[in-house]
Amino acid sequence: MSATTVPAASSTWDRVKGYRPPSRFLPVIATLALFVGLFGAGGVRYEGFSDPQVLLSLLIDNAFLIVLAVGVTFVILTGGIDLSVGSVVALSTMIAAKTLEMGWSPYLSMTAVLATGTLLGLLMGLLVHYFDIQPFIATLAGLFLARGLTYLISVESISINDETFTQLAFKTIRFGDYYVRWTAVVALLVVAVAAYVLARTRFGRTVYAIGGSESSAMLMGLRVAFTKVGVYVISGFCASLAGLMFSLYILSGNSLHAIGMELDAIAAVVIGGTLLTGGRGYVVGSLLGVLVLGIIKTLISFDGTLSSYWIRIITGVLLLVFVVVQRFASRRQP
Amino acid sequence: MPENPTLVQRLLRHQLLWPVLALVALLVINVVATPTFLNIRMQDGHLYGNVVDIVRNSAPVMLVALGMTLVIATRGIDLSVGAIAAISAAVACTRIVGAGDEAALTTAVMACTYALIACIALGAWNGFLVSVLRIQPIIATLILMVAGRGISMAITDGQITTPNNGWFSDLASGFVLTLPLAFIIALVVFALTAVLTRRTALGMLIEAVGINPEASRLAGVRSRTITWTVYTFSGLCSGIAGLVIAANTNSVNANSLGLWIELDAILAVVIGGTSLAGGRFSLTGTFIGAIFIATLARTIPNIGIPSEVNYLFKAIVVIAVCLLQSSRARSVFRRHRSVTPGPAVPVAKGIAA
C-alpha cells in the first residue's frame with residue numbers, strides 16, 4: 001500500500017523504510033487510500049476532475065454532512081447510535097426559516113436553532129443513561145419528535161430570504177482562482193476541535209473508555225454519566241449546526257429535508273473506520289468517510305450516464321466491505 | 001401474591017393490559033370527537049367505516065411487525081424491512097408492466113411470486129450476515145437499508161411505475177367475506193406464525209436463542225439455523241407488506257414506499273410488550289400494537305390536528321412505553337410515590353396520548 005508511508009514522508013529515509021503505522025490507524029489509512037484512489041481514478045478518466053476546485057467543492061457541498069458525522073462519531077464511540085440527526089437537521093432548517101419569517105434577528109434565530117438541537121440531544125442522553133433505554137430506541141423517539149415538531153411548525157416549505165443568511169451563504173474566501181465558502185471552514189474547524197477533544201481531554205478519553213467497556217469505566221471512577229449524556233448533547237448540537245449549514249446551502253425550511261441523512265452520516269462514520277461497537281475510531285476518519293461518499297457522488301455526476309441511485313447502492317457495498325473487514329480484523333486481535 | 005389469583009388480579013397482571021387500555025383510550029377519544037366514529041355500514045356486501053379502514057391500514061405495519069417480533073425475540077433487529085418492501089413492490093410492478101397480458105390473474109400471481117422469492121433471498125442475506133458472519137444485527141441490516149432503496153430504484157429505473165392490474169390492486173382494496181383482503185392476509189400470516197411458534201417448539205427455541213445464543217447452542221439448539229430462519233421470515237413478511245402498499249396506491253415510488261415502516265413496526269412490537277432485549281415475545285401484543293398505530297394515524301386528523309403531526313404523538317408513545325418497561329424508571333417512580341403519591345399519574349396519561 002503506497003499510502004502507508006505518507007504519515008512519515010518528512011523523516012529520514014531509514015525511518016521511512018522501517019515505519020509501520022500503528023494498527024489502530026489502519027482503518028483511517030485504508031479510507032484515505034480509497035479516497036486518493038477514487039480521486040486519482042476520476043482524474044485519469046474525466047477531463048477537469050483533477051482540478052483542486054473539485055476538492056474544494058467537495059468540502060463545500062458536504063460541509064453539513066461532515067459536521068453531522070462528527071457528532072455521530074462521538075455517540076458511536078461510546079457504543080451508542082443516534083438515529084435522530086436527520087430529523088434534527090430538518091427541524092433546524094424549519095426553525096431558522098420560521099423565526100426569520102416572523103422577523104427575528106438572524107443571530108437570535110441561529111441561537112434558537114442551536115439551543116433546540118442541544119436540548120433534544122440532552123433529553124435523549126438523559127433517557128439513555130438514567131432510564132436505561134436503548135440508544136437505538138431513545139433516538140428513534142428523538143427522530144419522531146423532531147420530525148413531528150417540524151410538521152407542527154409548518155407543513156409547507158418556507159424559503160429563507162434574510163439578508164444575513166443569503167450573504168453568509170454566498171460569501172466566498174478566495175485563494176487565487178479557487179474559493180471555499182464559510183460553511184466548509186466551519187466544518188473543518190468542527191473536525192479540528194472534535195479531534196482535539198477526543199485525543200487530548202479527559203472527556204475524550206472517557207468517551208473511548210466507555211466504548212471499550214462501560215462497566216470498567218464506571219469502576220475506574222470515570223465520569224460515565226456526564227460523558228454518556230454529553231455525547232448525545234454534542235451530537236444534538238452538531239446536528240443543529242449541520243442544520244444551520246444545510247439551511248444556508250438550500251435556503252429554505254422544509255419538513256421533507258434530510259430524510260435518510262442519518263444513514264449517510266452513520267455510513268460515513270463506519271467507512272471512516274470507527275467500530276460500531278464503540279471504543280475505536282477517529283473523527284478524521286469520519287471526515288474522510290464523508291469525502292469518500294462525496295467523491296462517489298462527484299464521479300457519478302461527472303460520468304453522466306449513471307443514475308443517482310447508484311450512490312445508495314455503492315454506499316451499501318462500501319458499508320458491507322468495511323463492516324466485514326472490521327469483523328475479521330477484530331476477530332484476529334481480541 | 002395468593003396461590004390462586006382472582007380474575008381481577010390476573011387481568012391486572014396480564015402483559016397485554018396496557019396496550020389494550022391504550023387502544024381503548026384512543027377509541028374513546030375518537031368517539032368523543034366524532035360520536036359516529038365506530039359506526040359500520042354494509043354496502044354492496046362489504047363493510048365500510050372507520051374501524052374497517054383502521055384494520056385495513058394496519059395490515060402493512062402488522063405484517064412487517066410480525067416478522068420483526070421474531071427477529072427481536074432473538075435479540076436482533078431488522079432495519080432493512082422498508083427497503084425490502086420497496087424492492088418487493090418494484091419487482092412486482094415492473095413485472096406486471098412488462099408482462100404480455102398486463103391485466104391477467106396469472107400475471108399478478110407470477111409477479112408477486114417473483115417479488116416474494118426476491119424478498120426471501122434478501123432476508124436470507126440478512127440472516128447470513130448475522131448468523132454466519134456474526135455481524136451485529138443493527139449493522140448487518142443497515143447495509144441493506146442503505147442499499148435497498150437504490151436497488152429498488154435500479155429495478156424501476158428511477159421511475160414511478162404504475163401497474164394496471166385489477167387482481168393486483170385487489171390486494172389492498174379487495175374484500176373477502178365482507179372484510180378487506182389486506183387485513184385477511186395479515187390475519188392469515190398472524191395465525192400461521194402463532195401456530196408455528198406456539199404449537200411447536202419453535203417459539204421456545206427462538207426465545208432460547210434470544211436469552212443466550214451460546215448457551216442454547218451448547219444445549220443443542222441450532223441457533224444459527226433459527227437466526228437465519230427469523231431473518232428470512234422477516235424478509236418474506238416485509239415483501240408481502242410491500243405488495244399491499246404498492247397495491248394500495250397502484251404505484252411504486254422507490255423513494256417513499258415503506259419509508260419509516262421499520263420504525264412503525266418496531267414501535268408496534270414494543271407497544272405489544274415484546275422486550276427489545278430479546279428472549280420473550282408476544283404476537284398478540286404485536287397485533288394490538290399494529291392496530292394501535294393505525295388507530296393513532298386515524299385519530300390525529302379526526303381530532304383536528306394535521307395528520308403529519310402524528311410523528312410527534314408516536315414519539316410520546318415510544319417514550320411512554322419505554323419508561324413503562326424500564327425497570328430503572330419504575331424504581332424511580334416508585335421511590336417518588338412512597339414520598340408523594342403524584343408522579344405515577346403522568347405515565348398513565350402519557351400512554352393514553
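**Entry 1: helix H9 of chain B**

I started with H9 (residues 202-211) of chain B and listed its buried residues: Leu205(B), Ile206(B), Ala208(B), Val209(B) and Gly210(B). I call a residue buried if 20 or more other C-beta atoms lie within 10 Å of its own, exposed if 12 or fewer, and partly exposed in between, with C-beta atoms placed from the backbone. Helices (H or I, at least four residues) and strands (E, at least two) are DSSP runs, numbered from the N terminus. Next I looked up what covers the buried residues of H9(B). The cover includes H3 (50-73), H8 (181-198), H10 (213-218) and H11 (223-249) of chain B. Here a contact means two C-beta atoms, placed from the backbone, within 7 Å.

This is a predicted model, so I note its limits: local features need pLDDT of at least 70, side-chain atom pairs count only at pLDDT 80 or more, and totals for chains, interfaces and linings use all residues. Residues are numbered from 1 along each chain as its sequence is written, while chains are lettered from A and ligands numbered from 1 in the order in which they are written.

**Entry 2: two threonines in the covering helices**

I checked Thr69(B), which is found in helix H3 of chain B. Thr69(B) is buried, because 28 other C-beta atoms lie within 10 Å. Leaving aside neighbours within four places in sequence, Thr69(B) is in contact with Val269(B), Thr274(B), Phe281(B), Leu283(B) and Thr286(B).

Then I went to Thr229(B) in helix H11 of chain B. Thr229(B) has 20 other C-beta atoms within 10 Å and is therefore buried. Its C-alpha atom is separated by 28 Å from that of Val252(B), 23 residues apart along the chain.

**Entry 3: helix H2 of chain B**

I tested the length of H2 (residues 17-33) of chain B. At 1.5 Å a residue, its 17 residues should span 24 Å, and the end C-alpha atoms are 24 Å apart, which agrees. The expected span is 1.5 Å times one less than the number of residues.

Which residues of H2(B) are buried? I find Trp18(B), Pro19(B), Ala22(B), Leu26(B) and Asn30(B). Seen down the axis of H2(B), the buried residues fall within an arc of 120°, so they line one face of the helix. The arc is that of the directions from the helix axis to the C-beta atoms. An α-helix has 3.6 residues a turn, so residues three or four places apart point the same way. On the other side of H2(B), I find Leu17(B), Val24(B), Val28(B) and Val32(B) exposed.

**Entry 4: each chain as a whole**

I counted 16 helices and four strands in chain B. Its radius of gyration is 21 Å, close to the 20 Å from the globule rule for 353 residues, so chain B is as compact as a globular protein of that length. The radius is taken over C-alpha atoms, and the rule is 2.2 Å times the number of residues to the power 0.38. The C-alpha atoms of chain B fill a box of roughly 75 × 60 × 35 Å along the principal axes. Of its 353 residues, 49% count as buried.

Chain A comes to 15 helices and four strands. Its radius of gyration is 20 Å, close to the 20 Å of the rule for 334 residues, so chain A is as compact as a globular protein of that length. Its C-alpha box is roughly 65 × 55 × 35 Å along the principal axes. Buried residues make up 50% of the 334.

**Entry 5: core**

I looked up the largest nonpolar core, which has 219 residues. Such a core is a set of buried Ala, Val, Leu, Ile, Met, Phe, Trp, Tyr and Cys residues joined through C-beta atoms within 7 Å. Those with the most contacts inside the core are Val67(A), Leu68(A), Ile87(B), Ala89(B), Val244(B) and Val318(B). I see that the largest share, 15 residues, comes from helix H12 (residues 224-250) of chain A. Leu68(A) touches Val85(A), Val89(A), Cys238(A), Ala239(A), Ala242(A), Met261(A) and Ala265(A), not counting residues up to four places away in sequence.

**Entry 6: positive phi in chain A**

I found a positive phi of about 55° at Asp132(A), which is not a glycine. Asp132(A) lies in the loop between H6 (106-130) and H7 of chain A.
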